[in-house]
Structures are given as C-alpha cells and as structure tokens.
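Please open the model in your viewer and keep the sequence panel beside it. The stops below say what to select next and what is to be found there.

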Amino acid sequence: MSYLLALDQGTTSSRAIVFDHHGQPVARAQQELALHYPHPGWVETDARALWQAQLAVARAAMHGLAPQSIKAIGMTNQRETTVLWERDGGAPLANAIVWQDRRTAAICERLREAGHAELITSRTGLVIDPYFSATKLAWLLDHVPDGRARAARGELCFGTVDSYLLFMLTGGRLHVTDPSNAARTMLFNIHTCAWDDELLALFDIAPQLLPEVVPSSGVCGYTDAALFGAPIAIAGIAGDQQAATFGQACHHPGMAKNTYGTGCFMLQNTGAEARASQHRLLTTVGWQAGGQTTYLLEASVFMGGATVQWLRDSLGIIGHSGEVEALAASVPDTGGVLMVPAFTGLGAPYWDAGARATLLGMTRATGRGQIARAALESIALQSADLMHAMELDAGTPLHELRVDGGASANDLLMQFQADVLGVPVLRPRVTETTALGAAYLAGLGCGVWSGLDEIGAHWKLDRAFEPRRSDDWRGATLARWRRAVALTRSWQEQAAP
Ligand SMILES: Nc1ncnc2c1ncn2[C@@H]1O[C@H](COP(=O)(O)OP(=O)(O)O)[C@@H](O)[C@H]1O
Ligand SMILES: O=P(O)(O)OC[C@H](O)CO
C-alpha cells in the first residue's frame, strides 16, 4: 500500500495527515502554534517554529510507516504570510508577518493615492490591502539591516510559508512556490503566470529574492534524505484555500466552498477564465495542473474561527473552541446582541483596514451565552455578505455551499449559516479538505489517480443543513447586520486623537 502525506501549515496549527488512495485519512498529527501581537494591528509568527512543528508532525504522522511507502508529499499553507530568510542556512531574518497583520495600511493608502489601484488589480486580481505579501515584504526589507542591498546581492530569500518549508525540507536546495501562492503576493501576473517586472519595480523588490514558480501538481523535488530516512518526492503545492477548493472536488466552473478556519474563505471555480470581479472580490489562481491553469473567484474575511479564539483567549468565557456551541445553545437567541468581528479590519467586500470590531445591542440581560451566540452568528453573517457579492459577480445564484474547516464542526453555526443564506449547507465526511486537496494534487502529480473524475467520486456527504427561516426573516436579519457593519467603518481613523 502506498500513501500520500499532506503537510498543512495553517495559521493556528501545523498538521500532517497521511491519506490512502481512496482519499481517506489513516494517520494524523497536529501541533498548535503561537501567534505574536507586538503592537495593535500587528500579527507575527516565528517561521523557524513553523518549520520545527511541521517536521515534528510529519514524523509523528508517519510513525510506523516506511518512508518508501509515502508516494509523495503535498504541501499546503496559510497564504500571504511573508518570510524573509538567509539563503545560506535558512535562518529567518525576522518574525514572519502574518496575513492578518495591518502594519502596512499606510503604505497601501499611499499606493491608492498614487493611482496604482488599476495596475495592481488588473495584473494580480487583488485589491490594495495590507493582507497581501508585497507591502509586508517591502516593510521587512526596510527594517532588517541592509535589507535591500543584501537582497540585491542575492543573499536573501523571500517566500510565503510553502516556500520556506520546502526550502527547509530540501536542505536549502529548492526555492520554489506555485502559482496559487504566488498569486497572493501582489507581485505576480495571474494572466501570464510570471512575476511582474513593473510590480517588482513599484515595490523595489530585487528579483533575486523570489522563488521559482512551479506547477501545483507534479514532482518538483525531493526531501533531504536525513529528515525521514529516505528522500520523498514533493509533488503538490497549493495555498490552503485553493487546496480546500480542490479537496472539496469543486473542480468545475460554478462550484463553490466556504472554509471556516481562522478566517472564512469562500471560493468559486471560474474554469480557465480569470474573471475580473465587479464587487471587490479577488481573482486568484486555483491551481496549475496537467498544463492547465484553473482560476477562482475568492471572497475572504479575516475573522472566522478566530472570533471564537477571542472569546477563549481574551474574554476567557470558554476553555476551548469546541465549548462555544454549548454556551451559544444555552440561550434561545442573542437577545438583540450583534457582533461585527472587525478586529483586524474588514475584508471582502468592504476592504476597510480601519474598521474595528463592535458588540451592539447589549442590555442588563446580556451574558456570556448571548455574546457567544452573537460571535457565531457574526461568522455566518460575514459569509452571507461574501456569498451575495459572489452571486452578483457570477450573475447566477449559488444553489448550495460546501463547507469545511475547524469551525464547520459547529452544528449551530452551520444551521444558522443555512438559515441566513437560504441554501443548503453541505458538510463532507472529510472536513480536512485542505490537507486532502494537497494530497490529491500530489497524487495526481505522481500518477496515483487517473484524473479529476476519480477524485471527485471520493466526496461523501456527512450532513446537509437545510434553511429553516423565511425570506422575510433573512431580509430583516441581513439589513440589521449591514447597519451594524456601517457603524464600524473607518473607526480606527475616526478614533485616532
Ligand atoms: N466547534 C467549534 N466551533 C467554532 N469554532 C471552532 C470550533 N472548533 C474549532 N473552531 C475554530 O476553528 C479554528 C481552527 O480551524 P482550522 O481549520 O484548524 O484553522 P487554521 O487552518 O486557520 O489554523 C480556530 O479559530 C477555532 O477557534
Ligand atoms: O490558516 P487558515 O486556514 O485560516 O488560512 C489562512 C489563509 O490562507 C489566509 O489567506
């Protein structure tokens, strides 16, 4: 029997899952990761710790399996998070700047004022926002000693998390990324699938810093023999949201999924067309496989399951994330409380780095239960905004939504999601679809599966959540939500003395 090993480097944990050739998980290991918040709006992580955790979980998941039985590795990762490291030896020069980090909001504002929005969006499919890597990399190069000069001399490497982990996995022999990750840097032309010289010049990025872009599926290298006892082929790479779309078998135009991880990420397949959004969504590369590039429309928000972490870590009203469902179910409704979780600004379709979170409508009767319930509802309400923007762009309604990610385990949240969307929400049996997508890309890349039809047949339903509320209820609920969102807009600028 031969297996595929998926390495899934999420924002809050490193995971490794071994899949068999039916796409079933047979072994897994996971380690939580620490995030650092050195200043308001900053979010950092230690790239070296990511590597150590990823290596540890890979070894743990492979325990008892010979390295020769692992046909290939598929890598998937939190995207945009920016790592700068020494080409010689791989030591990171600073903490990685996490995708949620807002420190480059002023740089983004200057780019907008200078009239670069059209150039950036038409080449990259992105909107100007601190979310993406380019301004984070520019910030790092300006803050590490001699950054730009050392970059020009070829002494440094830039990459998203996939690049850094692949560099370390191959003992520094491979400095690569794939188009789905490159598409999130704001330096990559999604139409030509190449780094864009004009954008590199705009951000003053030396091309020597950049990884080589290789297909998402296909053998691109081998792990250092010392790590697992024998070299293992690396045959799949994709950003986690694109990998989840692939793992959810959304292989055909029109199919969509929503992942409830740290953030929420809704992606719809648009086939070979890089469709420009009219509603401030992102156009992104899904994957490059078999010589074909598949594009996706993406709607993302920064606070999904992270809202639940805030209840746990900052308010302390739950001990672990799974407890939120019972707490929210301990009250019949929110009692009029509404949360807008703009803790790190608002993502799609608002793109407002200055928005800040709020809890509205509290009374003396408000307690932990109502706040927990409002937090869960806010995750679904944000996703409703995403779906509506996506439907407007597509010109056709979505008839169902496939879901996955840590918070999709929450039945109360999934039922509210179906109620507020008015379409069935479908949860598959394997909700580790991110890792599964990476395994599929790797397996396709080394001949384990014949093609998309074979993979698509693996998808099995766990539970369908049917909408139970009326159109009137939905309309009123969404109108109230949008009124609350409007109150949070640009709060940071307004609040500044
Ligand atoms: N039962 C639950 N209800 C709501 N949120 C949950 C539940 N279980 C986990 N979460 C949230 O899901 C997130 C973890 O999901 P995961 O897919 O592992 O995220 P990531 O890949 O971003 O690290 C955390 O933010 C956690 O708070
Ligand atoms: O860590 P996740 O799974 O929430 O994903 C993070 C995204 O890739 C950020 O764009």
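Helices (H or I, at least four residues) and strands (E, at least two) are DSSP runs, numbered from the N terminus. This is a predicted model, in which local features need pLDDT of at least 70 and side-chain atom pairs count only at pLDDT 80 or more, while totals for chains, interfaces and linings use all residues. Residues are numbered from 1 along each chain as its sequence is written, and chains are lettered from A and ligands numbered from 1 in the order in which they are written.

**First stop: the end of α11**

Select Gly316, which follows just after α11 and takes a positive phi of about 70°. Then step back into the helix itself, where the buried residues are Gly305, Ala306, Thr307, Val308 and Leu311; a residue is buried if 20 or more other C-beta atoms lie within 10 Å of its own, exposed if 12 or fewer, and partly exposed in between, with C-beta atoms placed from the backbone. These buried residues of α11 pack against β15 (256-260), α12 and α13 (368-394), where contact means that the C-beta atoms of two residues, placed from the backbone, lie within 7 Å. Is Gln309 buried or partly exposed? Gln309 also lies in helix α11, but it has 19 C-beta neighbours inside 10 Å and therefore counts as partly exposed.

**Second stop: ligand 1**

Now select ligand 1 and the 19 residues around it, of which Gly10, Gly261, Gly305, Gly406 and Ala407 come nearest; a residue is near a molecule if its C-beta atom, placed from the backbone, lies within 6 Å of it. Which helix gives the most to this shell? The answer is α11, with 4 residues, and both α11 (305-315) and α12 (324-329) supply at least two residues each. The shell divides into 5 nonpolar, 13 polar and 1 charged, where Ala, Val, Leu, Ile, Met, Phe, Trp, Tyr, Cys and Pro count as nonpolar, Asp, Glu, Lys and Arg as charged, and the others, Gly among them, as polar.

**Third stop: annotated positions**

Select Thr11, Thr12, Ser13, Thr262, Gly305, Gln309 and Gly406, which the UniProt annotation "binding site" (unreviewed entry) covers. They span 396 residues in sequence, yet no two of their C-alpha atoms are more than 13.0 Å apart, so they gather at one spot. UniProt positions are given in the numbering used here, feature names are shortened, and annotations may be inferred rather than shown by experiment. Among these positions, Thr11 lies in the loop between β1 (3-9) and β2 (13-19), and it touches Gln78, Val98 and Thr262, not counting residues up to four places away in sequence.

UniProt also places the feature "binding site" (unreviewed entry) at Arg79, Glu80, Tyr131, Asp240 and Gln241. Arg79 is found in the loop between β5 (70-77) and β6 (83-86), and it counts as buried because 28 C-beta neighbours lie inside 10 Å. Leaving aside neighbours within four places in sequence, the contacts of Arg79 include Trp99, Asp240 and Gln241. Tyr131, in the loop between α3 (117-124) and α4 (133-143), touches Glu80 and Trp99 when residues up to four places away in sequence are not counted.

**Last stop: the nonpolar core**

Finally, select Leu5, Ala6, Ile73 and Leu441, the residues with the most contacts inside the largest nonpolar core, which has 150 residues. The largest share of this core, 13 residues, comes from α13. Such a core is a set of buried Ala, Val, Leu, Ile, Met, Phe, Trp, Tyr and Cys residues joined through C-beta atoms within 7 Å.
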